[in-house]
Amino acid sequence: MLVVRQGNPKGIKDWDDLAKPGISVITPNPKTSGGARWNYLAAWEFAKRKYGGDAKAKDFVAQLYKNVPVLDTGARGSSITFAQRNQGDVFISWENEAHLLEKEFGNKVDIVYPSLSILAEPPVTVVDKTVDRKGTRKVAEAYVNYLYTDEGQDIAGKNFYRPISPKAQAKYVKQLPKLPLFTIDQAFGGWAKADKDHFADGGSFDQIYLKK
């Protein structure tokens, strides 16, 4: 999500506004932050679709990062930079973090939903070696299963995470409005390929940022 100053004084409506002259963008370093990688790829895919092709997307993202005054190591650091240190015009944020900032700093920030974003799907799983060594398989499996129950999905929606159950989606549609989302697999061929192409040494981010 895009978090802006209250009243949106710079008139930011979508990803393309973040690359305009005079816009200060707060986002963490994709070399050190998982959340920053989602941000980077969301901007890349938006530009690829709007302007046509990876070359145009690379140019767009390069321009966007010229507008980033500081690269914090993680999303929490960037949140502090934006909300507490009052740096930047717009903060590229996890959706749940954006809503938490709005609750905490409601008189200072607004949330802007872009026309397109990426579906962040952090993995959750039971690690066989770990649970077998510690004897915690039963409780670990119960926890993972609970996440997808009606109660678990309701808790997710209540805390501004997008639930996958239709019941919870319907209940929280006002605070989590419908938004066109693409997945990492659809747009980038999965994380292994995305990491190699964009975030490994010599990848697109290095090419962009070293020329900044």
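How many residues does helix α1 have, and how far does α1 reach from its first C-alpha to its last? Helix α1 (residues 34–52) has 19 residues and reaches 26 Å, close to the 27 Å expected at 1.5 Å a residue.

This is a predicted model, where local features need pLDDT of at least 70 and side-chain atom pairs count only at pLDDT 80 or more, while totals for chains, interfaces and linings use all residues. Residues are numbered from 1 along each chain as its sequence is written, and side-chain values use heavy atoms, with hydrogens and water left out.

View 1. Helices here are DSSP runs of H or I with at least four residues, strands are runs of E with at least two, and the numbering starts at the N terminus. The expected span is 1.5 Å times one less than the number of residues.

View 2. Ser 204 sits in helix α11 (residues 204–209) and is buried, at 5% relative accessible area (buried is under 20%, exposed over 50%, partly exposed in between, with a 1.4 Å probe and protein chains only). Its side chain makes a polar contact with the side chain of His 198, at 2.7 Å. A polar contact is a pair of N or O atoms within 3.5 Å; within protein, one must be able to donate a hydrogen and the other to accept it, and residues adjacent in sequence count only if both atoms are side-chain atoms. Leaving aside neighbours within four places in sequence, Ser 204 is in contact (heavy atoms within 4.5 Å) with Tyr 40, Trp 44, Asp 197 and His 198.

**View 3. The open sheet.** Four strands line up as β2-β3-β1-β4, with mixed pairing; two strands pair if DSSP finds at least two bridges between them. β2 and β4 (109–112) are at the edges with a single partner strand each, so one side of each has no neighbour in the sheet. β2 and β3 run parallel and are joined by two bridges.

**View 4. Two asparagines with positive phi.** Most residues other than glycine have a negative phi. Asn 8, however, has a phi near 50°; it lies in the loop between β1 (2–5) and β2 (25–26) and is buried, at 18%. Asn 86 has a phi near 60°, sits in the loop between α3 (75–83) and β3 (90–92), and is partly exposed, at 48%.
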